[in-house]
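Subject: Handover of a structure and its findings

Dear colleague,

Please find below the structure that I am handing over to you. My findings follow it, in an order intended for someone who has not worked with it before.

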Amino acid sequence: MTNQAEAVHDVESVTDSQRWRILAVLLVAIFMSLVGVSIVNVALPSIQNGLDASESSLQWVLSGYALTFGVVLVAAGRAGDLMGRGGVFVLGVSVFTLASVAAGLAPDTLSLNAARFVQGVGSGLLNPQGVGMIQQYFRGAARAKAFGAFGSVVGVAVGIGPPLGGLLIELGGPEIGWRLTFLLNVPVGLLCLALAFAWFPKPLLHRPATAGAEGGASGVWRSLDPVGSILLGLAVLATMLPFVEGGASAWFWLSLPAGIGLGWAWVRWERHYRATGRSPMVDLGIFSIRSFTRGSTIAMLYFLGMTSIWVIVALYLQQGTGKSALQAGLIGVPSAVLAAVSSNWAGDRVVRHGRKVVIGGLLLALVGLVSSIAVVLLQSGGYVSEWWLLLTLAFIGAAQGSVISPNQTLTLAEVPLSYAGSSGAVMQTGQRIGTSIGIAVITSVTFATLAASSWPIAMSVGFGLIIVVVLVTLAVAVLDQRDRPAPEGSTGST
């Protein structure tokens, strides 16, 4: 296993310019994987027409990616911790890029969904390495700035995906346009691979894994904890499945108690594995670190509520007001710009102000949600235009930049570097589960309201439910700030 002495050597042997080059490569990959997610949302109608896809097959275009992404995250993070994050990162980018080619050339929905499953695996492989390498190569204020840049890319990628998808569909037409939304990843992926081989320090790509006292390749295999990896993967799969596919059949909900049971079995196994003197895939001791536990809770709750916003807005604009996919995508551009700006702003201040930055972001989210409800209700009476959402949703973008990356910095600040990848992946897995549950529950409530009323009322109810979740998230953040008044994360991992 990569030990603390190796980690210190990594940091001291790499120049500042090399660190920022490493970050640039990571950001290219993250941008690619996130645009690949958000761009697909506006392409679904074209995919349905182009491949004569059923509603169930179309749902799996989204669900298949989400499931495999969530399932492999923690195991991939642990593999990077043990075998070298750079190599696993390159593998993930390669898998994602090749799967994008397969998706863009898919002759039918079965082939497309198979490619989307593989895309999810690639994204699950590369994402934990990004978080782990930021932890590995940056410290203190520089780490916060790096996570700020990370958050800026997230904001731009999520915001630019829908309008870019709408533009490609208009340019390529109904037959070719949706394929371009996948093939767009190919040149970006190839650029990322070229930069990785040119700019990554050679040890990051080629360092042989060491297994400490457990010795050799067999020690690495034991430290990968294959039984724990399988148990956690099945637990995440069983937990997420009913929320991403529950609408297809009530039978899917039977997997939820199975997921809870598998999660319990995984915890027992990890404790047993550690008691025998071996290194588990996740050191459960990280949950005794208050900043990690509360920060992970904040992340999961935030994603549970806030990721549903853009789904509801897109449906409202297209079905409720008759806007095109391109117009619906453009409504989020100011939000994306502010997310990028606020993420950099927050990254420069989170070390000094700690959780107060996150609290401020959550308050901005409440302003954006309440004002958006007001616009929708006033628009239904003919008093204002729905384009006022450009302004109110901009608060959501500012909130995103002030919450996601700063919270990530604070959450991972005290985590041991030897578990940086797997710990970051645990937090990301919580985000994926929160996203799946939130979208399923909040959109279901929205559609149930729509069946009995109108789009303005349905959207207001959906946003009202998101407000409740944000208030709970705010309570956790305030509690953490109250118990930890001193700024967090100023010393970095040790």
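This is a predicted model: local features need pLDDT of at least 70, side-chain atom pairs count only at pLDDT 80 or more; totals for chains, interfaces and linings use all residues.

Two residues are in contact when heavy atoms of theirs lie within 4.5 Å.

Overall composition

The secondary structure comprises 20 helices and zero strands. The protein has 494 residues, and 57% of them are buried.

Helices α12 and α20

I begin with two helix pairs. Two packed helices are described by the angle between their axes and the distance between the axes. Helix α12 covers residues 290-306 and helix α20 covers residues 455-483; their axes come within 8 Å and cross at roughly 165 degrees. Angles over 145 degrees count as roughly antiparallel, and α12 and α20 are therefore roughly antiparallel to each other. Their crossing is left-handed. On the α12 side, the residues that meet α20 are R290, R294, T297, I298, L301, Y302, L304, G305 and M306. On the α20 side they are I466, V469, V470, V472, T473, V476, A477, L479, D480 and D483. By class, the residues of this contact are 12 nonpolar, three polar and four charged.

Helices α5 and α6

The second pair is formed by helix α5 (residues 109-137) and α6, whose axes come within 13 Å and cross at roughly 160 degrees. Here too the helices are roughly antiparallel to each other, but the crossing of α5 and α6 is right-handed. From α5, the residues L112, R116, Q119, V131, I134 and Q135 take part, and they meet R143, A146, F147, F150, W178 and F182 in α6. The contact of α5 with α6 consists of eight nonpolar, two polar and two charged residues.

Aromatic pairs

A pair of aromatic rings is described by the distance of the centres and the angle of the planes. Across the whole structure, a search finds nine aromatic pairs. One of them joins F147 and F150, edge-to-face, at 6.3 Å centre to centre and with 75 degrees between the planes. Both residues lie in helix α6 (residues 140-183), three residues apart, which is about one turn of the helix. Both F147 and F150 are buried.

In another pair, the ring centres of F287 and F292 are 5.6 Å apart and the planes stand at 70 degrees, so the pair is edge-to-face. F292 is buried, with a relative accessible area of 0%, whereas F287 is partly exposed, at 37%.

G104 and L183

G104 lies in helix α4 (residues 85-104) and is buried, with a relative accessible area of 0%. Apart from neighbours within four places in sequence, G104 is in contact with R179, F182 and L183. The C-alpha atoms of G104 and L180 are separated by 6.6 Å, although the two residues are 76 residues apart along the chain.

L183, one of those contacts of G104, lies in helix α6. L183 is partly exposed, with a relative accessible area of 26%. With its neighbours within four places in sequence left aside, L183 is in contact with S100, V101 and G104. L183 and L105 are 78 residues apart in sequence and 8.3 Å apart in space, C-alpha to C-alpha.

V403 lies in helix α18 and is buried, at 2% relative accessible area. Beyond its neighbours within four places in sequence, V403 is in contact with Y302, V358, G361 and L362. Among these is Y302, a residue of α12 that takes part in the contact with α20. Between V403 and A365, which are 38 residues apart in sequence, the C-alpha to C-alpha distance is 9.5 Å.

E386 is found in the loop between α17 (355-380) and α18 (389-412). Is this residue buried or exposed? The cut-off for buried is under 20% relative accessible area, so E386, at 11%, counts as buried. Not counting residues up to four places away in sequence, E386 touches Y316, L317, T321, K323, I331, V375 and Q379.

Yours sincerely

How values were computed:
Residues are numbered from 1 along each chain as its sequence is written. Side-chain values use heavy atoms; hydrogens and water are left out. Axes are lines fitted to C-alpha atoms, for helices over the stretch in contact, and angles run from 0 to 180 degrees between N-to-C directions. Helices (H or I, at least four residues) and strands (E, at least two) are DSSP runs, numbered from the N terminus. Angles under 35 degrees count as roughly parallel, over 145 as roughly antiparallel, 65 to 115 as roughly perpendicular and the rest as oblique. A crossing is left-handed if the near helix is turned anticlockwise from the far one by less than a right angle, and right-handed if clockwise. Ala, Val, Leu, Ile, Met, Phe, Trp, Tyr, Cys and Pro count as nonpolar, Asp, Glu, Lys and Arg as charged, and the others, Gly among them, as polar. Rings of Phe, Tyr and Trp (its six-membered ring) pair if their centres lie within 6.5 Å; planes under 30 degrees apart count as stacked, over 60 as edge-to-face and the rest as tilted. Buried means under 20% relative accessible area, exposed over 50%, partly exposed in between (1.4 Å probe, protein chains only).
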